[in-house]
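Below is a plain walk through one protein model, from the overall build to single residues. Please keep the sequence and the 3D view at hand while reading.

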Amino acid sequence: LSTTPDYCSSLYCSGELLHRVQLARIFPDSKSFVDLRLVRAENETLADFSKLMQETKHNPSREQLARFVDQHFLDGNELDEWLPPDFDPNPPILDQIRDPKLKQFAKNVIGIWAKLGRKMKPEVTQHPDRYSLIPVPNGFIVPGGRFKELYYWDSFWVVRGLLISNMTQTAKGMIENLLHLVDKLGYIPNGSRIYYLGRSQPPLLTAMVASYFAATGDLAWLEQHVPTVEKELQYWLDKKKVTVEVKGRNYMLLRYLSDRKSEGPRPESYYEDYTSARVLPNDTTREDFYMEIKSAAESGWDFSSRWFVTAADEVVGNLTDVRATRILPVDLNAIFAGALELAGDFRNRLKNRREAQKWWSLAKYWRSAIENVMWDPIDGVWYDYDIEARAPRRHFYPSCATPLWTGAIEPYDAPKYAAKFVEYLLSSGALDFPGGVPASILHSGEQWDYPNAWPPLQSILIGGLENSGYEEATRLARELAQLWIRANYIGFSQWKKLFEKYSAVQPGHQGGGGEYGVQDGFGWTNGVALELLQRYGKEMTLDNIATPTLPDVYQVK
Ligand SMILES: OC[C@H]1O[C@H](O[C@H]2O[C@H](CO)[C@@H](O)[C@H](O)[C@H]2O)[C@H](O)[C@@H](O)[C@@H]1O
C-alpha cells in the first residue's frame, strides 16, 4: 500500500485494455472485470495486450478479448471467509427485545455477521500490484453480494451494529482499517479498491471513533488515533470547501468533488458511463461528465435526482444532467459539522483545551452556515443549495433530517426546528408509504429515488427525530422505526434475506432501479435493524404496527 498513489493510474482504471474489455461486455456487470486479479505483472500483461492488438490490426473480436482475459486474469478470490473471533450468536441485546418474533429476527440478523466476515489473503500484501483490492490489516464485514470489499459510509452502520452485537474487537478492527487508509492515503476512498481512489464517501469516520469510544471508554486508543481523525477532517477542508455568497454574506461549506486526476469513466461502471457520455459533444464535456458522476458517487447517493440540473429546470433528468459539484448537500455539511464538534470533544477529553476550542469554534461556524444557507424557515426544512442557480433545491429527501441527526444545530434551538420539521414531514407525502420512507418522491428510475427506501436514510431520519427531544418528533420516530422493522421482518420471513434497499410501496420487497441488481447481505441493513431494535425493542411488537394506507396514485398495479 505504501506505493499506492492517491488516485489510480493502473490498468484497472484507464487505458486501452480496460476500454476494450469493458466495451466488449464480456461480463454483464462492469465491476466483475476490475475485481479480477492479474496472473502476471502489469507490464507483462500490457505487453501481451499490445501483441494481441498488433496481431488483430487493432480490432480484436469479443472472443479474442474474452480469451485474453481468461489467460491473463483470475477470479480475485483475494479474501478468505472469516468468522470474527468475538462473534456471539446470543449477545445481551436479545434480552432487551420483548416480542419473541422480533427477538428471533434479531438473532437471525446477528447470525448474518458470521457470513459477511472477510480477511485479506496474505498474497494481496505480497503482490499488491496484481490486485485491485487495497490491503487493510484487519478482518472486516463486507456489505454483501457484488460489494465484496470495505465501503466507507456503509461501515458506520456496520460498526454500530457490531457494537450492539457485543463485537467490540471487530468494530475496532474495522475502524482501524479506515484509520490505516487515512494514514497511507490522506483520506478514505469510496471503497477499498484502487478504482475507487480519488473519491471518498460521507465523512463518518469521526462518528465511528466516537461510537467506539462511547462503548469502551478507551482513552489511550482515542489519544493514539485523534491525529488521524483530524487529518481526515483536514482533507475535507482542503479539497472540498467552497465559498458561497448568500444575502450579501459569504459562507464556507463543503460539496462532493472527485479528484480531477482520476479521468475517464468509473472503472467499475465503465460501460455504463462511456455509453451515457456518447451523446456529449466533445472530450471536454465528456471529462466533465465523468468527474460529475464520480463526485455524485462520493455522496453515496449514486444516483439520484438530488444531483440533476436540467436545462428546462425539470425535476427528473438523466445521468448527463448530473451536476453534483455545484450542489451544497445538507447531509455532507451536517455530518461534517457534527464531526468538527466531536473532534473538539475528543481534544477536550485529552485535556488539549486549545485544540478543543479550535474545533468547537469551527463547528459553531459550520452550524451557522448551515442555518443561513440551508434552513428554510417558511417550509420548515433544510434544503440542498445550488451555488450556480443561487437557490435552494426545494424537494423532499430524507437527508434533510441530517442536521438533527448529527446535532448540527444549536441544542437550545432543537425543539423549535423539530416542531416545524415535523409539520413539513407530515405534509410532504413522504411518510405515506407502508414499506419505509423513500429516498424521494420523484420517480427518476435511479436507485436513490422513489420508490426505494434505504436503511441508512431510515436511520438518519428516525435518529434525527429522536434526537430532537420534541415529543411529536419522537412519537413519529417510533412509528417509522416500527414500520421499518416490520418491512425488514416481512422480507426476511419470505426470502430469508436482508436487502441493500427496499421498496417503500411493497413492504419487505427488494428495491430496484439504477445500474446493478439489488444485493443482499447486507451490512448496513443489519446495522440499522439492530440499532432500531436496541432503541425501541422494549416496547415494539409486530402486532401494534399500523400500516399507512397508500395514496391511490402510488398503488402498485
Ligand atoms: O458499482 C456502482 C456503484 O456502487 C457503489 O454504490 C452503492 O453501493 C455502496 C455499497 O453498499 C454504497 O456505499 C453506495 O451508497 C451505493 O450507491 C459504489 O459506492 C459506487 O461508487 C459505485 O459506482
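**Overall build and selected sites**

C8 is buried, at a relative accessible area of 10%; buried here means under 20% relative accessible area, exposed over 50%, and partly exposed in between, with a 1.4 Å probe and protein chains only. This is a predicted model, in which local features need pLDDT of at least 70 and side-chain atom pairs count only at pLDDT 80 or more, while totals for chains, interfaces and linings use all residues. Residues are numbered from 1 along each chain as its sequence is written, and side-chain values use heavy atoms, with hydrogens and water left out.

C8 is joined to C13 by a disulfide, with an S to S distance of 2.0 Å; the term stands for a pair of cysteine sulfur atoms within 2.5 Å. The link of C8 and C13 is right-handed, with 95 degrees about the S-S bond. C13 is also buried, with 7% relative accessibility. A search of the whole structure finds 1 disulfide. Another residue, C400, counts as buried at 4% relative accessibility.

Next comes the chain as a whole. The protein chain has 19 helices and 14 strands; these are DSSP runs numbered from the N terminus, helices being H or I with at least four residues and strands being E with at least two. Along its principal axes, the C-alpha trace of the protein chain spans about 75 × 60 × 55 Å.

Of the 557 residues in the protein chain, 60% are buried. Among contacts in the protein chain with a separation of 6 or more, 73% are between residues 24 or more positions apart; contact means heavy atoms within 4.5 Å. The accessible surface of the protein chain comes to about 21,700 Å², and carbon and sulfur atoms hold 48% of that surface. Accessible areas come from the Shrake-Rupley method with a 1.4 Å probe, and for residues only the protein chains shown count as cover.

The protein chain carries 63 positive and 71 negative side chains, and the centres of the two sets lie 2 Å apart. Lys and Arg count as positive and Asp and Glu as negative, while His and the chain ends are not counted. The place of a charge is taken as NZ of Lys, CZ of Arg, CG of Asp or CD of Glu.

Some single sites follow. S192 sits in the loop between helix 8 (168–185) and helix 9 (205–216). S192 is buried, with a relative accessible area of 1%. Leaving aside neighbours within four places in sequence, S192 is in contact with S132, L133, I134, E149 and L150.

The remaining sites concern the backbone. Most residues other than glycine have a negative phi, and most peptide bonds are trans. The peptide bond from D302 to F303 is cis, with omega near 0 degrees, and F303 lies in the loop between helix 12 (283–298) and strand 8 (327–328). The bond from Y450 to P451 is cis, with omega near 0 degrees; P451 is in the loop between helix 16 (414–428) and strand 13 (452–453).

H58 has a positive phi, near 60 degrees, and is found in the loop between helix 3 (42–55) and helix 4 (62–72). K247 has a positive phi near 45 degrees. K247 belongs to the loop between strand 6 (241–246) and strand 7 (249–254), and counts as exposed at 82% relative accessibility.
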